[in-house]
Amino acid sequence: MLTGKLVRLRAMEPSDAEALWRWNSDPEVMRWMDDGYPASLAQTVARFEKRERNSYGDVLLGIETLDEGRLVGLVRLRDTEPEIGLAEFDIYVGEKDCWGKGYGTDATREICRYGFDRMRLHSIALWTVAENTAAIRVYEKVGFTRDGRQRDAFRRDGKWHDMILMTMLEGELIG
């Protein structure tokens, strides 16, 4: 487990599938994410039961609050390429009453620290929708830099949105 100031990052359990299904079924939570096709709770549980254990190529961890021990979201370093020390980063806080309380910032900082220190990564990258200003604020606060823009790359509610590429190099983590 990885422990920050507000959160603990821990391996996901099959019992976490219901929370993930609930978050993925909430349009407000999924607003700026590619939510794919709807899945039933049974399908989500089955996917969790079949999920391979965490490895260098794919680390998925739950975000749990330190004060309550409550699962509120998840972080992931995926598609890791050891030859170039690069990983893609994903995060979301699914419990809406926990938005804006610093959990996402703390979780982002801790998983990036883990990536640089333990996995020996050189770079962590992410893509986010340009209008997702709250997420961009978190990413910049911990050291991510805007590196590029892909125009009209994400569609939501019948409208196209640009995507922003952000990266952080080893040694750029703030905090």
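How many of the residues of strand β3 are buried? Eight of the eight residues in β3 (residues 58-65) are buried, so the strand is mostly covered, where buried means under 20% relative accessible area, exposed over 50% and partly exposed in between, with a 1.4 Å probe and protein chains only.

## Basis of the model

This is a predicted model, in which local features need pLDDT of at least 70, side-chain atom pairs count only at pLDDT 80 or more, and totals for chains, interfaces and linings use all residues. Residues are numbered from 1 along each chain as its sequence is written, and side-chain values use heavy atoms, with hydrogens and water left out.

## Overall fold

The protein has four helices and eight strands. Helices (H or I, at least four residues) and strands (E, at least two) are DSSP runs, numbered from the N terminus. Read from the N terminus on, the order of elements is β-β-α-α-β-β-β-α-β-α-β-β. The radius of gyration is 16 Å, close to the 16 Å that the globule rule gives for 175 residues, so the protein is as compact as a globular protein of that length. That radius is taken over C-alpha atoms, and the globule rule is 2.2 Å times the number of residues to the power 0.38.

Along the principal axes, the C-alpha atoms fill a box of roughly 40 × 40 × 35 Å. Of the 175 residues, 45% count as buried. Among contacts (heavy atoms within 4.5 Å) between residues at least 6 apart in sequence, 62% join residues at least 24 apart. The accessible surface comes to about 9900 Å², and 48% of it belongs to carbon and sulfur atoms. These areas come from the Shrake-Rupley method with a 1.4 Å probe; for residues, only the protein chains shown count as cover.

Two strands pair if DSSP finds at least two bridges between them. Strand β2 (residues 7-11) runs antiparallel to β3 and is joined to it by five bridges; V7 has T65 as its bridge partner in β3. With strand β4 (residues 71-81), β3 pairs in the antiparallel sense over seven bridges, and the partner of E64 in β4 is L71. β3 and β4 form a hairpin with five residues between them, and G69 in the turn has a positive phi of about 70 degrees.

## D162 and D152

D162 lies in strand β8 (residues 159-169) and is buried, at a relative accessible area of 19%. Not counting residues up to four places away in sequence, D162 touches T128, V129, A130, E131, R149, Q150, R151 and D152. A polar atom of the D162 side chain lies 2.9 Å from the backbone nitrogen of D152.

D152 is in strand β7 (residues 145-156). At 49% relative accessibility, D152 counts as partly exposed.

Most residues other than glycine have a negative phi. D152 has a positive phi of about 45 degrees although it is not a glycine. R120, also not a glycine, has a positive phi of about 60 degrees. R120 sits in the loop between α3 (103-117) and β6 (123-129), and its 67% relative accessibility makes it exposed.

Notes: Polar contact = N/O pair within 3.5 Å; in protein donor to acceptor, adjacent residues only side chain to side chain.
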